[in-house]
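Here is a short briefing for a first look. Keep the structure open while you read.

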Amino acid sequence: MAAADLLQPAVKADPRLIVPLDFPTTEEARAAVVALGPAVSFYKVGLELFASDGMVLARDLKAQGKQVFLDWKLHDIPTTVQKAASVLAGSGCDFLTVHGEPQVMAAAVRGRGASSLKVLAVTVLTSLADADLEEMGYSEGARALVERRIHQAIAAGCDGVIASPHEAALARALGGRDFLVVTPGVRPDWSAKNDQARAATPLEALKAGASHIVCGRPITAANDPQAAALRITAEMAQAG
Ligand code: C5P
């Protein structure tokens, strides 16, 4: 090892930080992974990449020793969800999202079987306001529906939920110590808010009960993505 390297603190990822690879092509996603290097160990692959070669990328990331969150938000008849979850479990990926309907959640849990794939429920999409839910036939409002669906996720055997920082404490209280509470809508106070109107900082999200945070553009759109990721992991370390 060169003398200069000995003076550098080792770059170490915080496994609670998940970086979404929200890019239209796998080439751009791969370039982001290279730029982040050892500073990030957990990536989210969502619908945009699913529409191209998302699963190829996911398998490659696993082969590189990264953790992979498949944000596919499955929603179909139980047989189809069960079969899809079973195939995805065989990829060795780590997290999978499904919509928070009882039939869908239970089918995904059956499908992943004894694999290590964790099933996370999307309770209520944060794009839906109370008025939108009313239009869809749900009269109880978003907060009450979120709470009901967290109870149902636990009953279905899900490993956790996706929750906004404002719902993280509720999910932690209902789910208990080992429940996964994965929180998007996170912004360090030094970064642009983009379209995340009610963002919390990484430290606030962890203190509210998040087990993992999803933070994208403050890292991927930074001039120095690795430095931005390390700044965030340093802030997260204050949560213990
Ligand atoms: O760049 P940014 O940190 O806003 O990315 C957040 C990621 O989390 C995106 O992939 C987005 O789709 C996802 N997400 C979110 N808000 C939710 C649920 C998911 O931003 N309520």
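How accessible is Glu140: buried, partly exposed or exposed? Glu140 counts as partly exposed, because its relative accessibility is 33%. That falls between the cut-offs, since buried means under 20% and exposed means over 50%. Bear in mind that this is a predicted model.

**Overall build**

- The protein has twelve helices and eight strands.
- Its radius of gyration is 18 Å. A compact globule with 240 residues would have a value near 18 Å, so the two agree.
- Along the principal axes, the C-alpha atoms fill a box of roughly 65 × 35 × 35 Å.
- Buried residues make up 48% of the 240 residues.

**Salt bridges**

- The structure holds nine salt bridges.
- Glu140 pairs with Arg148 in one of them, with 2.2 Å from N to O. Arg148 is partly exposed, because its relative accessibility is 38%. Glu140 is partly exposed as well, at 33%.
- Salt bridges with shared partners link Lys44, Asp71 and Lys73 into one network.
- Asp71 is buried, because its relative accessible area is 7%. Lys73 is partly exposed, because its relative accessibility is 28%.
- Arg16 and Asp14 also form a salt bridge, at 2.8 Å from N to O. Asp14 counts as buried, because its relative accessible area is 11% and the cut-off for buried is under 20%.

**A patch of negative charge**

- Which residues gather in a patch of negative charge on the surface? They are Asp22, Glu27, Glu28, Glu48 and Asp53.
- Glu28 sits in helix 2, which covers residues 26-36.
- Glu28 is partly exposed, because its relative accessibility is 37%. Members of such a patch need over 30% relative accessible area.

**Positive phi values**

- Most residues other than glycine have a negative phi. Two residues here are worth a look on that point.
- Lys73 has a phi near 45°, a positive value in a residue other than glycine. Lys73 belongs to strand 3, residues 67-74.
- Where is Asn194 found? Asn194 is in the loop between strand 7 (180-183) and helix 10 (202-208). Asn194 is partly exposed, because its relative accessible area is 44%.

**Glycines in loops**

- Gly185 lies in the loop between strand 7 and helix 10. Asn194 is found in that loop too.
- Is Gly185 buried or exposed? Gly185 is buried, because its relative accessible area is 11%.
- Gly185 and Thr126 are 59 residues apart in sequence. In space, their C-alpha atoms are 9.7 Å apart.
- Gly137 is in the loop between helix 7 (130-135) and helix 8 (142-156). Gly137 is exposed, because its relative accessible area is 61% and the cut-off for exposed is over 50%.
- Gly137 and Ala234 are 97 residues apart in sequence. Their C-alpha atoms are 44 Å apart in space.

- Ala229 has its place in helix 12, residues 225-237.
- Why does Ala229 count as buried? Ala229 counts as buried because its relative accessibility is 0%.
- Ala229 and Val56 are 173 residues apart in sequence. From C-alpha to C-alpha, Ala229 and Val56 are 25 Å apart in space.

Terms used:
Residues are numbered from 1 along each chain as its sequence is written. This is a predicted model: local features need pLDDT of at least 70, side-chain atom pairs count only at pLDDT 80 or more; totals for chains, interfaces and linings use all residues. Side-chain values use heavy atoms; hydrogens and water are left out. Patches are made of residues with over 30% relative accessible area and no salt bridge: like charges are joined within 9 Å, nonpolar side chains (Val, Leu, Ile, Met, Phe, Trp, Tyr) within 5 Å. Accessible areas come from the Shrake-Rupley method with a 1.4 Å probe; for residues, only the protein chains shown count as cover. A salt bridge is a side-chain nitrogen of Lys or Arg within 4 Å of a carboxyl oxygen of Asp or Glu. Lys and Arg count as positive and Asp and Glu as negative; His and the chain ends are not counted. The place of a charge is taken as NZ of Lys, CZ of Arg, CG of Asp or CD of Glu. Helices (H or I, at least four residues) and strands (E, at least two) are DSSP runs, numbered from the N terminus. Buried means under 20% relative accessible area, exposed over 50%, partly exposed in between (1.4 Å probe, protein chains only). The radius of gyration is taken over C-alpha atoms; the globule rule is 2.2 Å times the number of residues to the power 0.38.
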